[in-house]
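Please keep the sequence and the model in view while reading.

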Amino acid sequence: LGHDHVDVAGSYNGIAKIYQAQGKLVEALELYEKSKAIKINALGHDHVDVAKPLNSIAIIYQKQGKLVEALEMHEKSLAIKIKALGHDHVDVAKPLNSIAIIYQKQGKLVEALELYEKSKAIKINALGHDHVDVAGSYNGIAKIYQAQGKLVEA
């Protein structure tokens, strides 16, 4: 297939997940970056499949405490998904939640709450009120209310 084939990017991604699970974040990051580069070269910067390694890179940055870098990757992933799938697609909810988590860690509670609410609305619209994926948004909203001292709402 060659070193630059998209299937090789998938292999890099799989190995990176193993490194990540082992706590080898530097090694995982290196392979996620290779996966991203291959996908960009093969598919273009705005292809929806480029969003996956961006998200994985963001998670590594978060674990390393690099919230600014993580936020940048999540925002790029979100922009790609919105362009490819539209604002209301269920796959847009995940990067919204991820950005909300970073905002929450940065103390930007109003901004975090807004994104959790958007994520929740997308999930409810696509999956229904009782779907398990909606619970993550409710949990994030409750944590924001708790941090704001709004325990009744939480």
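A contact here means heavy atoms within 4.5 Å. This is a predicted model, in which local features need pLDDT of at least 70 and side-chain atom pairs count only at pLDDT 80 or more, while totals for chains, interfaces and linings use all residues. Residues are numbered from 1 along each chain as its sequence is written, and side-chain values use heavy atoms, with hydrogens and water left out.

The protein chain has seven helices and zero strands; both kinds of element are DSSP runs numbered from the N terminus, helices being H or I with at least four residues and strands E with at least two. The radius of gyration, taken over C-alpha atoms, is compared with a globule rule of 2.2 Å times the number of residues to the power 0.38. For 154 residues a compact globule would come near 15 Å, and the 17 Å of the protein chain agrees with that. The C-alpha trace spans about 55 × 30 × 25 Å along its principal axes. Among contacts with a separation of 6 or more, 51% join residues 24 or more positions apart.

Of the 154 residues, 41% count as buried, where buried means under 20% relative accessible area, exposed over 50% and partly exposed in between (1.4 Å probe, protein chains only).

Helix α5 covers residues 93-105 and contains Pro-95. Is Pro-95 buried or exposed? Pro-95 is buried, because its relative accessible area is 1%. Not counting residues up to four places away in sequence, Pro-95 touches His-74, Ser-77, Leu-78 and Lys-81. His-131 lies 36 residues from Pro-95 in sequence, and the two are 18 Å apart in space, C-alpha to C-alpha.

Asn-97 is also placed in helix α5. Its relative accessibility is 12%, so Asn-97 counts as buried. With neighbours within four places in sequence left aside, Asn-97 is in contact with Tyr-116, Ser-119, Lys-123, Gly-136 and Ser-137.

Helix α7 takes in residues 132-147. Its 16 residues reach 24 Å from first C-alpha to last, close to the 22 Å expected at 1.5 Å a residue; that expected span is 1.5 Å times one less than the number of residues. Which residues of α7 are buried? They are Val-134, Ser-137, Gly-140, Ile-141, Ala-142, Ile-144 and Tyr-145. These buried residues pack against α5 and against α6 (109-127). Just after α7, Gly-149 takes a positive phi of about 80°.
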